[in-house]
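Please look over the notes below with the model open beside them. They are set out as separate points, each on one part of the fold.

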Amino acid sequence: MTSSDPKLRRRRVDPLEAGSSSITHSVEEKKKEVWRAGSSGSSPISHCTALAIVTVLGSITTFYKIWHPAEVVFDEVHFGKFAGFYLKRTYFFDVHPPLAKMMLAAAGYLLGYDGHFDFGNIGDNYIENNVPYIGLRMLPATMNVLCVMLIYSIMRQSGYAVLTCSLSAAMYLLDNSAVAQNRLIMLDSMLVFYMLSTVYCYIRFRKLRYQEFTPAWWFWLIATGVAMAMTVSVKLVGLFVVTTIGICVLVDLWELMDIKRGLTMKEFMRHFNARALALIIIPIFVYLFWFYIHFIILDQSGPGDTFMSSAFQETLKNSAIKMKSLDIHYGDEILIHHPGTEAYLHSHDLKYPLRYDDGRISSQGQQVTGVKEADDNCYWRVKPTKDISKDKRVPVRHNDIIQLEHVSTETNLLTHDVASPLMATNEEVTTVEQDKQYNETLFKVVLDDHNNGNIWSTHMKLVKLMHVDTKVAIWTRDKTLPEWGLGQQDVNGNKNTQDRSNFWMATEIKGLNATEINMNKKKELKKIPFIMKFFELQGRMLRHNSGLTKPHPYQSTPITWPFLIRGISYWSKNDTREQIYMTGNVFGWWLSIGGIAIYAGIMLADTLARRRGIEPIDEPLRHRFISSAGFFLILWLTHYLPFFAMGRSLFLHHYLPAATCNYLLLGAVFQFMFIDGIDSPVSRLEGTSNTKYRKFHPLMMVASPSKYSYLAASLILLGQLGMFLFLSPLTYGTPGMTISQVLQHKILNTWDLQFAK
């Protein structure tokens with residue numbers, strides 16, 4: 001590929017001889033000549049016009065009928081509710097950092113919303129409940145339009161032609177998944193916006209690499225770090241863009257360390273320290289700042305209390321759990337509840353059968369089971385195994401060895417090396433008379449949060465009952481026993497003692513009214529350092545996120561995402577046959593994957609050719625293709641590949657940041673294939689006193705789109721537009737479709753659309 005003006009491609013002299021200012025002057029003069037000649041569309045006016053057009057079009061596709069449906073859609077159930085919690089200052093727990101949710105809450109505050117609606121179920125009516133849902137949806141929708149502008153600006157700052165910038169932005173604004181996801185009360189548009197902001201700021205920083213330590217250089221470097229922190233402050237997957245920038249910075253530092261660059265170690269360390277400050281230290285403080293605001297706002301007790309430690313809960317006002325909590329003492333008769341299955345530890349005067357259906361033999365001991373409703377057979381007396389004072393009540397503490405006596409039958413809880421009824425690998429749990437098998441009735445009290453108070457208490461302290469003799473934990477699961485067990489829940493001794501589901505919660509002490517007792521106590525709010533609250537919440541977020549493994553009817557695997565094998569049903573209405581089915585633009589997504597294959601093929605062919613001494617691609621084109629398109633490829637990889645290592649339930653919308661990056665790469669591949677030349681150089685070449693050691697030989701070139709370039713772009717956009725319009729009833733949830741129309745829109749047999757039969 002060659003430029004239309006050969007003069008633009010002549011190699012310049014070394015700037016140390018000719019002066020870097022002359023290079024810049026020549027570049028600018030040559031570009032002005034081309035703009036005046038009309039052979040290139042890369043003038044500032046052309047860029048501004050094109051940016052305005054794609055912004056208007058993005059606003060149309062995003063805001064079209066944003067009021068429909070006037071009902072709760074998919075994850076608006078969660079994030080609308082969380083915004084309400086902020087407005088009521090009620091503590092809640094979520095696996096995501098707080099920034100985007102606080103943005104939604106701020107929008108609600110400005111709209112006069114007080115958080116009264118609970119967003120309880122998909123399909124709940126907004127208008128009937130007086131919720132300013134249109135205003136709330138406008139925030140993520142606006143962020144989506146800003147994403148269109150950022151995509152255009154990223155391509156422009158990377159040196160691509162107006163046609164290429166417009167194509168990448170248009171592919172995004174006509175993507176059904178971006179429109180469907182980012183006009184609802186959810187977090188993804190904020191995530192993509194800050195991710196793209198990070199990319200944009202870093203490109204602006206890289207363009208100033210010859211003007212190091214100037215005010216502009218510092219501004220864009222720090223802006224990169226701040227945008228990066230904002231991305232992570234929306235969702236922890238923002239760490240993917242941190243990884244991308246980290247890779248680029250390491251490569252940059254590696255090049256700076258090269259002795260041929262002429263940097264002393266002092267100068268190199270100055271570069272290193274600047275990046276450490278802007279890309280590590282400042283982002284950490286930005287991330288901490290949003291949690292600090294989070295804790296200041298959420299100072300009232302709420303539904304998130306139970307996820308936190310007792311010390312944390314005691315910092316919240318009006319804690320209902322604290323009012324229900326009492327310390328457990330020896331001799332107390334308590335109810336023991338399993339939070340994971342909502343079952344109470346229970347026993348009754350029935351025996352295990354001698355022989356189970358599979359032929360295994362039991363101990364014929366008294367059955368210990370789980371029941372959903374507590375009754376008199378659910379009370380257990382806590383008995384000491386050490387001498388204690390008889391004159392005062394002695395609390396039960398972490399690591400105490402106890403016995404649990406079943407009050408109704410006056411027998412002690414026991415587990416032993418006999419297989420449980422339903423799990424041959426786990427131990428049977430039974431009870432035994434008071435004076436028998438003493439060692440097998442001993443259990444250690446292991447509190448989950450013993451560092452913040454080591455006394456076992458109701459509602460506030462999760463407990464694991466570890467069998468001293470056989471080292472198993474009392475455990476239950478949602479499996480019911482056969483008829484001989486009255487269909488009650490299986491309880492056994494779990495050999496996997498690290499399983500989080502081994503923890504139980506004492507919920508009541510018989511004969512004591514916790515609320516009445518606590519009302520007579522003057523309990524002052526406790527304070528714990530912010531950093532302790534921060535680290536506790538981070539740990540809970542990570543642990544809970546990794547535990548989101550419960551199957552979901554619309555979950556999918558990462559390998560299927562680029563090919564849109566399966567979407568997500570967000571909302572449907574039976575009487576009008578309307579539905580929102582979140583799926584991407586099939587044309588655009590498949591073409592983008594093809595772009596990745598083309599990039600890989602071109603790079604492989606170029607590498608093989610150069611091994612034979614052939615240089616098939618002009619150096620400016622090759623450099624742009626490797627550095628810019630390669631950067632976009634790394635962005636795609638870092639936002640996609642990590643999901644393969646995740647064990648949690650995953651959905652198609654997790655791929656949206658990667659799909660956005662793929663459109664950037666598609667634009668780069670398009671320019672390489674269909675546009676003659678590039679706008680080069682794009683970086684500021686005039687050096688500073690610190691860059692005299694730099695030696696560069698820029699080759700002047702200006703991109704020259706031909707009629708074939710416009711034809712190719714037009715065909716691509718027609719395909720994208722056609723698919724967007726075809727899928728729009730599923731994207732906007734209107735109009736409703738007949739069964740035959742639904743079947744026509746079922747492009748892949750794996751799409752589980754509503755009303756398809």
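1. Phe 295 counts as buried because its relative accessibility is 8%, under the 20% cut-off. Phe 312, at 1%, is buried by the same rule. Keep in mind throughout that this is a predicted model.

2. How many aromatic pairs are there in the chain? The count comes to 46. One of them is formed by Phe 295 and Phe 312, with 5.8 Å from centre to centre and 65° between the planes, an edge-to-face arrangement. This pair links distant parts of the chain: Phe 295 belongs to helix H12 (residues 265–297) and Phe 312 to helix H13 (residues 310–313), 17 residues apart.

3. A second pair is formed by Phe 625 and Phe 672. Their ring centres are 4.3 Å apart and their planes meet at 25°, so this pair is stacked. Phe 625 sits in helix H18 (residues 619–638) and Phe 672 in helix H19 (residues 656–674), so the pair ties together parts 47 residues apart in sequence. Phe 625 and Phe 672 are both buried.

4. Phe 295 and Phe 312 also belong to one aromatic cluster, together with Tyr 91, Tyr 287, Phe 291, Tyr 292, Phe 530, Phe 534 and Phe 535.

5. On helix packing, the axes of H4 (residues 76–88) and H5 (residues 99–110) come within 8 Å and cross at roughly 65°. That angle makes H4 roughly perpendicular to H5. The crossing of H4 past H5 is right-handed. On the H4 side the contact uses Phe 79, Phe 82, Ala 83, Tyr 86 and Leu 87, and on the H5 side Lys 101, Met 102, Leu 104, Ala 105, Gly 108 and Tyr 109. By class, nine of these residues are nonpolar, one is polar and one is charged.

6. Helix H11 (residues 239–257) and H18 have axes that come within 9 Å and cross at roughly 140°. This crossing, too, is right-handed. H11 contributes Phe 240, Val 241, Thr 243, Thr 244, Ile 247 and Cys 248, while H18 contributes Phe 631, Ile 634, Leu 635 and Thr 638. The contact of H11 with H18 has seven nonpolar residues, three polar and no charged.

7. Which residues are joined by cis peptide bonds? His 68 and Pro 69 are joined by one, with omega about -5°, and Thr 734 and Pro 735 by another, with omega about 0°. Pro 69 is placed in the loop between helix H3 (44–63) and H4. Pro 735 is in the loop between helix H20 (707–732) and helix H21 (739–745). Most peptide bonds are trans, and most residues other than glycine have a negative phi.

8. Glu 342 is not a glycine, yet has a positive phi of about 60°. Glu 342 is in the loop between strand E1 (333–338) and strand E2 (343–351), and is partly exposed at 46% relative accessible area. Arg 577, also not a glycine, has a positive phi of about 55°. Arg 577 is in the loop between strand E13 (568–573) and strand E14 (578–582), and is partly exposed at 31%.

9. For the chain as a whole, there are 21 helices and 16 strands. The C-alpha trace spans about 100 × 70 × 60 Å along its principal axes. Of the 757 residues, 56% are buried. Among contacts with a separation of 6 or more, 75% are between residues 24 or more positions apart.

Conventions:
Residues numbered from 1 in each chain as written. Predicted model: local features only at pLDDT ≥ 70, side-chain atom pairs only at ≥ 80, totals over all residues. Heavy atoms only, no water. Axes fitted to C-alpha atoms, helices over the stretch in contact; angles between N-to-C directions. Helix = DSSP H or I, 4+ residues; strand = E, 2+ residues; numbered from the N terminus. Parallel < 35°, antiparallel > 145°, perpendicular 65-115°, else oblique. Left-handed = near helix turned anticlockwise from the far one by under 90°. Contact = heavy atoms within 4.5 Å. Nonpolar A, V, L, I, M, F, W, Y, C, P; charged D, E, K, R; others polar. Phe/Tyr/Trp six-rings, centres within 6.5 Å; stacked < 30°, edge-to-face > 60°. Buried < 20%, exposed > 50% of the residue type's maximum accessible area, 1.4 Å probe, protein only.
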